[in-house]
Amino acid sequence: KERDSIDRRLCTLDSMYLELAFSNKQPLDRSLLKIQLNRLNLTGLAKEVANNDKRVRALEMVLCNCIKYQFSKYPVFYSRDHITYPSEKVNPNQITAKPLIAVIDALGEHGFIDNKPKPNRWGLAPEPDAEDTGHTSEFIIKDEAIKLAWNLGINKKTIFEKASTHLRLKPYVNPKEGIRKRKMFLDYDDDAYTRRAEKRMKAYSDFMLKQKVRLVYYKKIIDIEPQHLRRQYRDYDNSNSLIYEGRCYPYWVRLSSNERKRLKINNNKTVSLDFKSSQIRWLYLWHTEEKLDPNYDAYDLEVNGHKINREVVKKMNMYLLNLDSPLRQTHYLKYWHEELDDDSKKKKDGKWSGKKQAKIFKETLELKGVTTATMRNAYLDKHDSIRQYFLEGTKGGQYVAWIESNIIYELAYQATLKGIPCLIVHDEFIVQAKFKQEMEDLMYNHTIYDTANMGLDDPFDYRGYARWRLHRG
């Protein structure tokens with residue numbers, strides 16, 4: 001079963017999003033481009049891609065992507081949404097939506113790429129039983145696109161990536177609130193935090209680009225194309241503040257825990273290291289400045305003398321951090337342990353707890369004095385000193401994620417300085433086995449948020465910064 005799913009998994013892993021920052025050392029000139037295309041008997045294509053400078057820039061960027069990913073048999077993802085593209089900080093080639101879509105359509109119509117546009121379902125539900133419920137379109141690179149790029153002077157030695165930020169701020173969109181800003185990414189003013197985070201993320205990303213990461217399935221070995229790593233934030237309070245989320249979502253994040261065990265870095269076996277009860281651990285450090293014992297388990301819970309299953313408590317904690325009412329938390333917790341959805345259809349794997357865990361949850365609620373309410377109250381009482389961070393909705397949950405991610409990516413930066421390549425999955429570090437002890441020393445001896453032990457060379461006041469940005473919000 002696992003071998004049969006390899007190609008489907010690789011299509012997800014090895015597919016790349018269109019990189020807006022790719023350019024050619026000798027930029028395409030519109031007048032010269034028309035002449036070159038006409039000489040190649042591509043008059044029709046010339047009329048569609050060389051009629052204004054914006055389309056010429058878009059063509060150059062797309063062909064650079066084709067050269068970069070020419071050996072991948074998997075698609076390049078792009079969006080057909082006519083949203084406002086970001087400024088030069090994120091989008092150094094100043095690509096805009098309509099010219100880009102026109103260029104991709106033209107390349108598809110003339111047989112240079114296999115274009116697979118998907119309808120923009122903004123504000124609409126997907127078709128019933130649709131496998132793909134997203135908005136992302138894709139195209140497959142064909143040999144004709146590579147030959148066209150060569151004829152226009154674009155090759156592996158001439159393409160480069162213009163400098164762009166390693167921090168991305170996305171607008172917050174909620175169907176109930178409507179669309180606040182029709183933009184792909186938001187601009188933000190640089191301050192002490194953004195300059196610091198950019199410096200660290202750039203160093204980590206540049207270091208990881210030099211590493212060889214492989215996914216090994218039995219006798220099949222897949223070398224996955226390196227990609228730039230960027231932290232993603234979201235503007236929940238409409239003030240262009242980078243204090244929510246702050247995580248990075250490279251290809252290895254989409255792997256299951258079992259699949260991540262198959263990752264190799266520089267041909268060496270890897271080990272997985274993480275913090276027990278990560279977000280709760282950092283909330284105590286952030287709010288009370290208490291540094292918990294490495295073996296402390298925040299999910300160890302008793303209710304009326306009954307020990308509650310750890311996985312049940314862990315899932316309850318997630319809902320308490322990301323939902324805004326006890327009733328919704330109870331509903332989501334019960335729904336997670338149900339095999340059928342609201343339409344009485346069987347849920348897919350990963351969309352519910354599974355039969356074994358569902359049975360444990362059912363048996364837990366049959367214990368005397370144990371209900372979802374008594375479990376919730378016991379858990380909140382256990383963590384009374386940080387109670388204010390629970391049931392604060394999605395915005396509150398993503399603020400907690402920001403508190404956690406600052407620590408995680410600071411540790412990634414410290415590992416980079418020591419020459420330790422590490423892959424991050426939220427609070428998990430995947431490192432070569434030979435670096436296990438050194439990475440654990442970094443993880444459990446850091447002074448981030450630890451005011452009493454903070455070094456003079458790193459005196460950044462995260463709490464003061466957060467208060468300032470929350471005030472602006």
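Student: Where is Arg-247 found?

Tutor: Arg-247 is found in strand S13. Strands (E, at least two residues) and helices (H or I, at least four) are DSSP runs, numbered from the N terminus. This is a predicted model, where local features need pLDDT of at least 70 and side-chain atom pairs count only at pLDDT 80 or more, while totals for chains, interfaces and linings use all residues. Residues are numbered from 1 along each chain as its sequence is written, and side-chain values use heavy atoms, with hydrogens and water left out.

Student: OK. Buried or exposed, that Arg-247?

Tutor: Arg-247 has a relative accessible area of 16%, so it counts as buried (buried is under 20%, exposed over 50%, partly exposed in between, with a 1.4 Å probe and protein chains only).

Student: Which side chain does Arg-247 make a polar contact with?

Tutor: That of Glu-404, at 2.9 Å. A polar contact is a pair of N or O atoms within 3.5 Å; within protein, one must be able to donate a hydrogen and the other to accept it, and residues adjacent in sequence count only if both atoms are side-chain atoms.

Student: Which residues is Arg-247 in contact with, leaving aside neighbours within four places in sequence?

Tutor: Among them are Arg-231, Gln-279, Tyr-409 and His-426, where contact means heavy atoms within 4.5 Å.

Student: New topic: how many cavities of 30 Å³ or more are there?

Tutor: The search of the whole structure finds two. On a 1 Å grid over the protein atoms alone, a cavity is a set of points where a 1.4 Å probe fits but cannot get out, and lining residues have an atom within 4 Å of a point. The largest cavity holds about 80 Å³, a volume being the space filled by probe spheres set on the points, which are joined across faces, edges and corners.

Student: What lines the largest cavity?

Tutor: The lining includes Tyr-193, Arg-231, Tyr-409 and Tyr-462. Helix H7 (192–209) and helix H14 (393–417) each give two or more residues, and H7 gives the most, with five. The lining divides into five nonpolar, one polar and four charged residues (Ala, Val, Leu, Ile, Met, Phe, Trp, Tyr, Cys and Pro count as nonpolar, Asp, Glu, Lys and Arg as charged, the others, Gly among them, as polar).

Student: What about the phi of Asn-238?

Tutor: Asn-238 has a positive phi, near 65 degrees, and is not a glycine. Most residues other than glycine have a negative phi. Asn-238 sits in the loop between strand S12 (231–235) and strand S13 (245–248).

Note on methods: On a 1 Å grid over the protein atoms alone, a cavity is a set of points where a 1.4 Å probe fits but cannot get out, and a pocket is an open set with protein on both sides within 12 Å along at least five of seven lines; lining residues have an atom within 4 Å of a point.
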